Amino acid sequence: MDMLCSMSRSIDPRRPWKLTTQESRSINDLPRIKILQANMVALKDIRDKAAAEHYEIWDDRLREAQRHLLNEKQRAKSQLKRHKLDKYNREQPVIDSERQLSGKVVDEEVKSALERTEYMSPEQLQLIDAILTLPGRSWEAEQQRRINAINKVTMYCGVEEGSLCFRSPAQPRPTIRAPISVEQPLIQPPELPVQQAIRKVMKEKRPKICFLCLQNSKLPVPQRIHSFKRPGELTKHFERKHLRKFQRLTCKHCHIAIDTLADLLNHAEFSHGTVTRNPKYRKLCGRLY
């Protein structure tokens with residue numbers, strides 16, 4: 001019974017749970033608080049007038065007095081709050097009894113508090129309010145009271161009750177949203193070294209990779225994709241390896257047949273950026289330059 005009474009008082013909105021501003025200020029009028037305040041003011045004056053070598057001593061005493069004053073104020077506030085609670089526990093049952101004798105069991109203020117804290121649903125409060133009213137003074141009033149109670153019971157039969165546990169104040173429930181389908185970007189596979197080399201000889205203005213060695217599948221991959229330090233070194237390799245021993249061939253990168261040395265020089269310069277300025281080949285293919 002004590003536990004139920006304590007629970008009902010804890011959810012009562014009229015229950016004093018903190019001090020008002022005026023009550024908090026009234027703490028300063030207590031005799032013991034005034035004595036401590038006067039002592040603190042006196043210590044402050046002594047500290048300000050003290051010599052430099054004694055300043056820290058009086059400053060420590062002042063800090064101790066301030067701490068003692070704050071603790072005493074907090075203790076006085078706790079005592080005043082406890083006094084208010086004791087007064088509420090003594091007087092509120094009498095007020096509730098007088099209200100019940102007037103025909104109301106749960107007033108509107110307490111009812112709204114119970115609805116906010118979700119201790120009782122509105123249907124439960126209406127059921128309690130209809131059943132626990134006092135008998136009417138006449139037979140007609142008593143019949144109407146019973147009819148109202150029967151109607152509330154009938155309405156409450158369709159209410160689905162939850163578990164018999166007290167819930168904490170209502171918290172906003174997280175909204176569960178449907179997952180949004182996001183198109184994942186296509187992950188490109190890593191580019192192979194040979195493919196990287198082909199892209200360079202096709203797009204770079206002055207590549208450092210020999211396009212003829214690159215298309216020769218009989219060579220090892222390191223030799224096919226070998227990159228020279230400078231375009232001039234590629235030109236020397238191109239003259240020594242491919243121009244001196246020229247044979248008819250097909251550029252597999254561009255799918256073009258190369259029948260003459262002049263065609264090779266022209267295609268190498270304008271399609272793959274391999275430039276040859278050797279006078280020997282300028283004489284052979286002078287019309288191209």
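How many nonpolar, polar and charged residues does the lining of the largest cavity have? The answer comes in point 5, after a short tour of the structure.

1. Welcome to this chain. Please keep in mind that the model is predicted. The chain has 289 residues, and its secondary structure consists of 13 helices and 2 strands.

2. Buried residues make up 26% of the chain. The accessible surface is about 21800 Å², and carbon and sulfur atoms account for 55% of that area. Among contacts with a separation of 6 or more, 56% are between residues 24 or more positions apart.

3. Next, the nonpolar cores. In soluble globular proteins, nonpolar side chains tend to be buried together. Here the largest nonpolar core contains 20 residues. Phe211, Leu212, Phe238, Leu243, Leu261, Leu264 and Leu265 have the most contacts inside this core. At least two of its residues come from each of helix 8 (193–203), helix 9 (211–214), helix 11 (231–243) and helix 12 (261–272). There is also a second, separate core with 5 residues, among them Ile27, Leu36, Leu69 and Ala76.

4. Now have a look at the second largest pocket, which has a volume of about 520 Å³. Its lining is formed by 23 residues, and those closest to the centre of the pocket are Leu212, Cys213, Asn216, Leu219 and His242. You have already met Leu212 among the residues with the most contacts inside the largest nonpolar core. Helix 9, helix 10 (221–224), helix 11 and strand 1 (249–251) each give at least two residues to the pocket lining. The largest share, 3 residues, is from helix 11. By class, the lining of this pocket has 9 nonpolar, 9 polar and 5 charged residues.

5. Finally, back to the opening question. Rolling a probe the size of a water molecule over the atoms shows where empty space is left. The structure has 1 cavity of 30 Å³ or more, and the largest cavity holds about 30 Å³ of space. Glu123, Gln126, Leu127, Lys152, Met155 and Tyr156 line this cavity. Helix 6 (122–131) and helix 7 (139–156) are the elements that supply two or more residues to the lining. Sorted by class, the lining of the largest cavity has 3 nonpolar, 1 polar and 2 charged residues.

Key:
Residues numbered from 1 in each chain as written. Predicted model: local features only at pLDDT ≥ 70, side-chain atom pairs only at ≥ 80, totals over all residues. Heavy atoms only, no water. Helix = DSSP H or I, 4+ residues; strand = E, 2+ residues; numbered from the N terminus. Buried < 20%, exposed > 50% of the residue type's maximum accessible area, 1.4 Å probe, protein only. Contact = heavy atoms within 4.5 Å. Areas by Shrake-Rupley, 256 points an atom, 1.4 Å probe, with all protein chains shown as cover. Core = buried A, V, L, I, M, F, W, Y, C linked by side-chain atoms within 4.5 Å. 1 Å grid on protein atoms, 1.4 Å probe; cavity = no way out; pocket = protein on both sides within 12 Å on 5 of 7 lines; lining within 4 Å. Points joined across faces, edges and corners; volume = space filled by probe spheres on them. Nonpolar A, V, L, I, M, F, W, Y, C, P; charged D, E, K, R; others polar.
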